[in-house]
Amino acid sequence: MISIYLESIKKQFEYYKSVGEKTFDQLEDQDLFWQYNEQSNSIAITVNHMWGNMLSRWTDFLSTDGEKEWRQRDLEFESVIKTRTKMMEKWHAGWACLFDALNTIDEGNFSTKVYIRNQEHSIMDAINRQLAHYSYHIGQIAYIGRMKKGESWISMTIPKGKSSEFNQEKFSKGKHGGHFSDDLK
């Protein structure tokens, strides 16, 4: 059961990572730094925050508190990223840290208690907490992307007004294993 959970959670993280990347692919460089107002985060700021969180939470996941002393969380919400290249470096570094940590978890260590800000969590609770956190921010990234692209936005889920067509296609295929990402559309 543990291996099934870990496989499932990896697929879910991969899906949300792909939504972010498909959003980036639709945008011009300047769109990544656009802010609705001074209190809002740009896509680049959101990526910077996710990167800081990922490195803190997933570095030495099984052995140290997920809120590292070296983390500078307040700086994550500043416009420190100035190029798409730098943003993508941080994006990939954060996700690599996450997937590397997930790959260290197995049936032998799954009962290990992990800590985030000195609060004890089961591994499953800690992972689910981060999945919810990252999907929240990726939703923000996609929403900003959609605002910037307007009519030229290419939907990554079921396009507006196309639910019936999508469902008809899915149900015409009969019962099958399907993929998690297909169900999220």
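Rings of Phe, Tyr and Trp (its six-membered ring) count as a pair if their centres lie within 6.5 Å; planes under 30 degrees apart are stacked, over 60 edge-to-face, and the rest tilted. Ring pairs of this kind join F13, F24, W58, F61, W91, W95, F99 and Y134 into a cluster. The model is predicted, so local features need pLDDT of at least 70 and side-chain atom pairs count only at pLDDT 80 or more, while totals for chains, interfaces and linings use all residues. Residues are numbered from 1 along each chain as its sequence is written, and side-chain values use heavy atoms, with hydrogens and water left out.

**Overall fold**
- The chain has 6 helices and 2 strands; helices (H or I, at least four residues) and strands (E, at least two) are DSSP runs numbered from the N terminus.
- Along the sequence these elements follow the pattern α-α-α-β-β-α-α-α.
- The C-alpha atoms fill a box of roughly 45 × 45 × 25 Å along the principal axes.
- Of the 185 residues, 39% count as buried, meaning under 20% relative accessible area with a 1.4 Å probe and protein chains only.
- Among contacts (heavy atoms within 4.5 Å) with a separation of 6 or more, 73% are between residues 24 or more positions apart.

**Aromatic pairs**
- The whole structure contains 11 aromatic pairs.
- Y5 and F110 are edge-to-face, because their ring centres are 6.1 Å apart and their planes stand at 70°.
- This pair connects helix α1 with the loop between α3 (84-102) and β1 (114-116), across 105 residues.
- Both Y5 and F110 are buried.
- W95 and Y134 also form an edge-to-face pair, with 6.1 Å centre to centre and 65° between the planes.
- Here W95 lies in helix α3 and Y134 in helix α4, 39 residues apart.
- W95 and Y134 are both buried.

**Charge over a ring**
- The charged end of K90 sits over the ring of W51, 3.9 Å from the ring centre; the criterion is NZ of Lys or CZ of Arg within 6 Å of the centre and within 35 degrees of the ring normal.

**Second largest pocket**
- The lining of the second largest pocket has 14 residues, with V19, A142, W153, M156 and T157 nearest the centre.
- α1 (2-26) and α4 (123-149) each supply at least two lining residues, and the largest share, 6 residues, comes from α4.
- A pocket is an open set of points on a 1 Å grid over the protein atoms alone, where a 1.4 Å probe fits, with protein on both sides within 12 Å along at least five of seven lines; lining residues have an atom within 4 Å of a point.

Note on methods
Buried < 20%, exposed > 50% of the residue type's maximum accessible area, 1.4 Å probe, protein only.
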